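Please open the model in your viewer and keep a selection tool at hand. The tour moves from one selection to the next and says what is found at each.

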Amino acid sequence: MTTDILTKIENRILTITFNRPDKKNAITAEMYQAMADAMADANTNDDVRAILFTANGDAFTAGNDLMDFRDNPPVTEEASVSQFLKQLVVAKKPLVAAVNGIAVGVGFTMLLHCDIVYLSETAQISAPFVDLALVPEAASSLLLPARIGHAQAAEIFMLGKRMNAAEAKTAGVASDVFAPDALGAAAQKAASMLSKKAPAALQQTKRLMRGDTDAVAARMAEESKVFGAQLLSPELAEAVMAFMQKREPDFG
């Protein structure tokens, strides 16, 4: 069992904490599996009324661990990352995120599935998939343009533009922004308030607000297929090599 993801259930709140600060909380297959298992249990556990994502260190998550992805490419539906993304779609309980620093790639796209997203004033969110010769995932190619419009989403996905906390709130990606030392308490308070609401009413409200999750699941599956193909492509090999060598990639 990995210690890079910490989970605890307390006061009807499942807290999932990224705990790999020395690597900016970059996510490995083992970490994805731990989160997927915890969320799957919470979905049917009456002792859980809300789920809170937090992180130790100065980053929320730098996204996927590139070396782990290279060595364990998630090319099947059984891959741990696929299981985690599925849990984001089927989650019945409200999801709260406390983003304390950079949130890159899946660290950003997972926020589109969260109900309440609180950012530190120091937070920076980005989804540089194309920069890594990949494509968006977590149904973000559907959800982000719907949230902020095609033109702004294209800057984020295609140009790798970062959004700061104020921009994310203005765009509707984040619920609110807090000083770094106030973020944790604010997110905990929100999760606590949710845990005390009428559970059926809360879950039905979440379901109604989300709308057609079949469309979300379908887009996620389509993205996964293309993502898997790119993982095995010469483009990705060049992007990873360039990253390791700290140079600009040459795609010909």
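The stops below cover a cavity and then some salt bridges.

The coordinates come from a predicted model, and the tour begins inside it. Select Arg-49, Lys-93, Pro-94, Leu-194, Lys-197, Pro-199, Leu-202 and Gln-203, which together line the largest cavity. Its volume is about 30 Å³, and the count of cavities of 30 Å³ or more comes to one.

Now turn to the salt bridges, of which the model has seven. Begin with Asp-58 and Lys-24, whose closest N and O atoms are 3.1 Å apart in a salt bridge. Asp-58 sits in the loop between strand 3 (50–55) and helix 2 (66–71), while Lys-24 belongs to the loop between strand 2 (13–18) and helix 1 (29–43), so the pair ties together parts that are 34 residues apart in sequence. Asp-58 counts as exposed, at 52% relative accessibility, whereas Lys-24, at 36%, counts as partly exposed.

Select Lys-8 and Glu-10 next, where the side chains meet in a salt bridge at 3.9 Å, N to O. Lys-8 has 46% relative accessibility and counts as partly exposed, and Glu-10 is likewise partly exposed at 46%.

Finish at Lys-169 and Asp-176, a salt bridge with its closest N and O atoms 3.1 Å apart. Lys-169 is partly exposed at 40% relative accessibility, and Asp-176 is partly exposed at 26%.

How values were computed
Residues are numbered from 1 along each chain as its sequence is written. This is a predicted model: local features need pLDDT of at least 70, side-chain atom pairs count only at pLDDT 80 or more; totals for chains, interfaces and linings use all residues. Side-chain values use heavy atoms; hydrogens and water are left out. On a 1 Å grid over the protein atoms alone, a cavity is a set of points where a 1.4 Å probe fits but cannot get out, and a pocket is an open set with protein on both sides within 12 Å along at least five of seven lines; lining residues have an atom within 4 Å of a point. Grid points are joined across faces, edges and corners, and a volume is the space filled by probe spheres set on the points. A salt bridge is a side-chain nitrogen of Lys or Arg within 4 Å of a carboxyl oxygen of Asp or Glu. Buried means under 20% relative accessible area, exposed over 50%, partly exposed in between (1.4 Å probe, protein chains only). Helices (H or I, at least four residues) and strands (E, at least two) are DSSP runs, numbered from the N terminus.
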